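Me: I'm new to this one and would like to learn how to read it. Could you take me through it feature by feature?

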Amino acid sequence: MNKTLPDVIADVLTYHGAVGDKTAEDCLDVVAPPEIAPLLDVPEYVRLGFSYGGTCEDTVSATFDSKFFGSLGKLFANAGKFASARFEPSLPNIEKTARLVDERFVFHNAIFRPDRVETSDISYRLVCLKYTAGSDEKHEGIVPVLINGTNLSTIPLEGAFDEVLKNLQELDSGADEEQNVENRIRGNLSLTLGSEALAKTFHAACAAGVQIVLERQQEFIKSLDRRLNRDVKRVFEYYDALKGEIDRKREQKGVEGSDGKTDSLMNKLNAIEAERKGKIQDLIAKYALNIRIEPLTAVAIETRVPLFWITIKRRLAARSFPVTYNTIVGGFDALPCESCFHPRGGYSVCDDKLHIVCGECFATCPSCGRQYCKACHKDTCPKCKRKS
């Protein structure tokens, strides 16, 4: 069962000896021990507010992007940022599962053949992402994403997050073995901050997270579009009325006239048009949706999976690639899109580096009509150099 932000913060503060009482829908009264109040930069008695509207008086904001929320990390130091766990799976019948590979994976412009099957220990990373989607309003929350460390396939876990956590076995991390656990995480699971594996994991998680947030915020985006179109229409109507008045004055003075008043009216028309364009740009900036993604925690999950190696063939080139049966969620991991990591619209393979990309990322340039891979050319069409 998912908890609300006030409930989570109440649990955290209670764990550290504070007493909390929910006095209103968006407020929490807290009595904090003297040793943790300075860490949070609040008095020992404080009322926390969780609404941007401010339904309670004399509150300290405790929303996701507040100073108070950021200070909660001081209570944990580095604890909770990285962890390791083991999932003991029930393996499926390998022969039956192997026969499903041909049906499960399809490419629009390439073929593949199965090569070999093995059972292997691999690592998944469960990354929790904090997001803020802001425009004239703010929407925020947490998105959990499970990433296959072998091929960077991503799975949103919004509906199954609690179920996955319940089945994990935390690796032994007693105080006397703390350094051994840290070495295990850093060595076997490649979770050092500077490691290439961690950088790729977080890149894939954040790229997928942006797309997940965009899907989650579709109603908000539609609302922004409606309000933008409404306000732009009003701007056009207002400045069209001003221009119509100027045009009537010009007709009275004579359009072909060369007196100073006619020139002045033309200057006013130009100024009105420039002001109109500026107002519209201001509205576009006001209603633009900005998404910020920040990794909060990562859990490295060791588990045993059936690993199916396939050879992907595109024209005369070939590439070996691993696909996996995910024993944590029970089913094949989808192929990753090596551009956005949140595939939509089927899969294609690019000519240059045999990247696997989804329909959204195997784009057709609207200017020259060339189809190109966004994993190879992220922002620009390679033929006409038009920015996507």
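This is a predicted model: local features need pLDDT of at least 70, side-chain atom pairs count only at pLDDT 80 or more; totals for chains, interfaces and linings use all residues.

Me: How many bridges join strand 10 to strand 11, and in which sense do the two run?

Reply: First the general idea: two strands pair if DSSP finds at least two bridges between them. Strands themselves are DSSP runs of E with at least two residues, helices are runs of H or I with at least four residues, and both are numbered from the N terminus. Here strand 10 and strand 11 (residues 317–326) run antiparallel, joined by 8 bridges.

Me: Which other strands pair with strand 10?

Reply: Strand 5 (residues 82–87) runs parallel to strand 10 (residues 290–314), with 6 bridges. In that pairing, look for Arg86 opposite Glu302. Strand 6 (residues 111–134) pairs with strand 10 in the antiparallel sense over 23 bridges. There, Ile111 has Lys313 as its bridge partner.

Me: What does a positive phi tell me, and where do I find one in the hairpin of strand 10 and strand 11?

Reply: As a rule, most residues other than glycine have a negative phi. In this hairpin, with 2 residues between the strands, Arg315 takes a positive phi near 55 degrees. Asp41 also has a positive phi, near 60 degrees, and is found in the loop between helix 2 (37–40) and strand 3 (45–49). Then there's Lys385, not a glycine either, at about 65 degrees. You'll find Lys385 in the segment after strand 16 (371–373).

Me: Is Lys385 buried or exposed?

Reply: Buried means under 20% relative accessible area, exposed over 50%, and partly exposed in between (1.4 Å probe, protein chains only). Lys385 has 58% relative accessibility, so it counts as exposed. For the protein chain, buried residues make up 43% of the 388 residues.

Me: How do I read an aromatic pair?

Reply: A pair of aromatic rings is described by the distance of the centres and the angle of the planes. Rings of Phe, Tyr and Trp (its six-membered ring) pair if their centres lie within 6.5 Å; planes under 30 degrees apart are stacked, over 60 edge-to-face, and the rest tilted. By this rule there are 6 aromatic pairs. One of them is Tyr238 with Tyr239, edge-to-face at 5.0 Å centre to centre and 85 degrees between the planes. Tyr239 has a relative accessible area of 4%, so it is buried. Tyr325 and Phe332 are edge-to-face too, with 5.6 Å centre to centre and 80 degrees between the planes. Phe332 counts as buried because its relative accessibility is 14%.

Me: Which residues form one aromatic cluster?

Reply: That cluster is made of Phe105, Phe308, Tyr325 and Phe332.

Me: And the chain as a whole: how many helices and strands does it have?

Reply: The protein chain has 10 helices and 16 strands. For its contacts (heavy atoms within 4.5 Å), take those between residues at least 6 apart in sequence: 59% join residues at least 24 apart.

Definitions and conventions. Residues are numbered from 1 along each chain as its sequence is written. Side-chain values use heavy atoms; hydrogens and water are left out.
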